[in-house]
Amino acid sequence: MTLAQDAAPVPEAAADGTVVGANLSLPLFRTLSGVLAGHPYLKVVVDRAEDTWHVLDTRVHPFHVDYIAARVLGMTPGQLDAELDAFNASVYMAPDRRFLLGVLSLHSDEDGDGTERPFLVLETTEADTMHGALLQDFYDYVRQRVDGRLPLLLKPANHGQEHELAGVSDARLPRILSQELFGNRTRTCLNPGVARGRLRYFRNQREYRAGAADLGWSDIVAMAGLPDDVPRVAGFVNTAATTPLSHTNVLASGWGIPNAIIRDLDALVERDGLDGAWVDYRVREDTITLERLDRAPELERPVWDAQRIHIEPPLIGDAPIMELHRLRADDRDSYGTKAANLGELHHVLDSRSADLTAFYARPRPPRPDLLAHLGARLGEPGAPLEQLRSAALERVAGTVRAPRGVALPFHLHHLYLTSSPGLQQGIGKLKMALELDATDMIDSLALDLQHLMRSTPVPDEVARAITGSVPRLLADGRRLVVRSSSNAEDLPGFSAAGIYDSVTTVRGEQELMSAVVHVWASLLSPRSVRMRHQVGIPLDDTYMGVIIQEYAPADLGGVLVTCNPTRREDFRNVYLNCTVGSPEAVVDGTVLPHQYLYNTVEGGGRTVAVGSSGADLAADTRAMLARLALVGRLLQSHFSNGDPDDPLDVEWLMTGEGAFQLVQVRPYAR
């Protein structure tokens, strides 16, 4: 970039790290800017009352609000803390506000001849509710004060701003959407972390299958599409686009290992000879580095190596087949965690007795709580706590449904396993191999057991109980879904995402029984056996419950987590992914989903990526997703394990009537 290098001398910043009133050239921009997500940026404040603007050195003034309060208005830190929410509302939400706050970032693209072309992007914070006229005024003010040879584009910070600008021509207000600016960025954080290890680079699935058996705890696995059965290692690198809510990234989050998209890995491998080399791998929200080390380092075992998961002994006594709505969370030891959580969801929706405000009632210094924000989100400003609790329950019950279905207890799985001497013998051999840590035998013994299960008939009494639990659905020939519900999944620190099977295309008795055995057998897959063994879950203590439901066709399906997976200190946002049809397409990586962040404190949402579709969802659909995001946050208060800040992982469907059905609710490890 050579633009404006020979412009007038750069004005000096004041001692407090600001330039007030000066026009902004590229050299001045570089003098004051920091770096975020690989791009230089700085903060600006337009003071409409004084008809001037302040350009802030980001290293001295990381927050607009602190600067305005202290440097412009003369407030003490104590005064600002005491009035923080009201002050934020005055600068981010008031339609007649004095100050316009934004960020200028420097980007570049290439002309057709390969010449690099720099341009500036102006945006507000994501919670800013500037109306269209204010956005135009803000853009015009900044446009007049930056080097005219630098193109300036406005990036709407949320869906509300996009709506405000829908009727304004691009010629009048040039703009760029977030997904257009960042959708193809070279490096993207998926799960923050740091690792040192040996980079194992696989160019395709064939290479991975040939080398997977040799992967160890100190390896960092890099490839275009990480398979769901990837073993526990030191880190992941994706060379193609994926989502933070894919199965493999859920695993990375639970294991505490770094994971990122590095699209230029091919070039790095060729330039630096990284394949098979020892590397230092660091993933942060705004910085991702992969550097070759001169020699093998002294390695520390990964966090997951010391992970141990305790589960209560399963109850395998004569428990009956139960309808999901009759279960509660305490039934997990007889029916599995997934079924018990869905039963608990029915209870929350039916009883209207749960407290769903605990997340907002927690102190967030300097704020005593976020209850005023919750009131605003629920349309109950200033309401007392009991009224907020009632409104929260009504919002949840009016937005989501819990699936109907039946849950098969561990008792039936136990009856099946003990009905066959061959199965008992095979289980005994596998237990012995696990006790001896005979890793070369475990996989083959587990595969043999799975094969034997598929050829072992289900006892008549068990088969009659199962088919008799859904007679109407079988008689009608309706499509059924058969899902896993083990006592070794959906646990804090051990989600087991993607390691147990579900069958979604079941019709008739024969297919139903085959699907139930298939789900039971997934408890003995080599990968699931190894993963449980690594965290100390005994084979004897592991059983599989089964959920049988009627298939629900959906217009949209997806996953949300009640946190920002790439920014762990962010308590405001819920991350939501979705695609047309089933949520399985989101988590298994077969399509790139729509990705959104929804602010459940100040409100508003923004599009992160539009995925394989290439176009954003309609505004009314995004508004419904915002309601779902808030409901997920409210349910977090009830389903968290004693800490209302513990996030949830929720799979959902949106039916043709615009209602949401939640098909899974579980802890999300971060």
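**Entry 1: helix H12**

I started just past the end of helix H12, where Arg352 takes a positive phi of about 55°. I note here that the model is predicted, that local features need pLDDT of at least 70, that side-chain atom pairs count only at pLDDT 80 or more, and that totals for chains, interfaces and linings use all residues. Residues are numbered from 1 along each chain as its sequence is written, and side-chain values use heavy atoms, with hydrogens and water left out.

Helices (H or I, at least four residues) and strands (E, at least two) are DSSP runs, numbered from the N terminus. I looked up H12 itself: it covers residues 337–351, has 15 residues, and reaches 20 Å from its first C-alpha to its last. That is close to the 21 Å expected at 1.5 Å a residue, the expected span being 1.5 Å times one less than the number of residues.

I then asked how many of the residues of H12 are buried. Twelve of the 15 are, where buried means under 20% relative accessible area, exposed over 50%, and partly exposed in between (1.4 Å probe, protein chains only). Among the buried ones are Thr337, Leu342, His346 and Leu349.

**Entry 2: positive phi and a cis bond**

Most residues other than glycine have a negative phi, and most peptide bonds are trans. I looked up the exceptions.

Asp51 has a positive phi near 50°. Asp51 lies in the loop between strand E3 (39–47) and strand E4 (52–56), and is exposed, with a relative accessible area of 53%.

Asp437 also has a positive phi, about 55°, without being a glycine. I found Asp437 in the loop between helix H17 (421–435) and H18; at 46% relative accessibility, Asp437 counts as partly exposed.

Pro365 and Pro366 are joined by a cis peptide bond with omega of about 5°. Pro366 sits in the loop between helix H13 (358–361) and helix H14 (371–377).

**Entry 3: salt bridges**

I counted a salt bridge as a side-chain nitrogen of Lys or Arg within 4 Å of a carboxyl oxygen of Asp or Glu. The structure holds 35 of them.

In the pair Asp128 and Arg97, the closest N and O atoms are 2.8 Å apart. Asp128 lies in the loop between strand E6 (116–123) and helix H5 (132–143), and Arg97 in the loop between helix H4 (84–92) and strand E5 (99–110), so the pair ties together parts that are 31 residues apart in sequence. Both Asp128 and Arg97 are buried.

For Arg567 and Glu285, the closest N and O atoms are 3.9 Å apart. Arg567 is in the loop between strand E21 (556–561) and strand E22 (573–579) and Glu285 in the loop between strand E13 (278–283) and strand E14 (288–292), so this pair ties together parts 282 residues apart in sequence. I noted Arg567 as partly exposed at 36% relative accessibility and Glu285 as partly exposed at 40%.

I also found a network of salt bridges that links Arg362, Arg364, Asp643 and Asp645.

**Entry 4: strands**

Two strands pair if DSSP finds at least two bridges between them. I traced an open sheet of five strands in the order E15-E17-E20-E18-E19, with antiparallel pairing. Strand E15 (322–323) and strand E19 (503–506) are at the edges, each with a single partner strand, so one side of each has no neighbour in the sheet. Inside this sheet, strand E18 (residues 480–486) and strand E20 (residues 544–550) pair antiparallel over seven bridges. Arg483 has Ile547 in E20 as its bridge partner.

Next I looked up E21, where six of six residues are buried. Leu556, Gly558 and Leu560 on one side are buried, as are Gly557, Val559 and Val561 on the other. E21 pairs antiparallel with strand E25 (residues 648–654) over six bridges, and Val559 has Glu651 as its partner there. Five bridges join E21 to E22, also antiparallel, with Gly558 opposite Cys578.

**Entry 5: a pocket**

On a 1 Å grid over the protein atoms alone, a pocket is an open set of points where a 1.4 Å probe fits, with protein on both sides within 12 Å along at least five of seven lines; lining residues have an atom within 4 Å of a point. I looked up the second largest pocket, with a volume of about 780 Å³, the volume being the space filled by probe spheres set on the points, which are joined across faces, edges and corners. Of its 25 lining residues, the closest to the centre are Leu215, Pro231, Thr439, Arg530 and Gln534.

Which helix gives the largest share of the lining? H22 does, with six residues.
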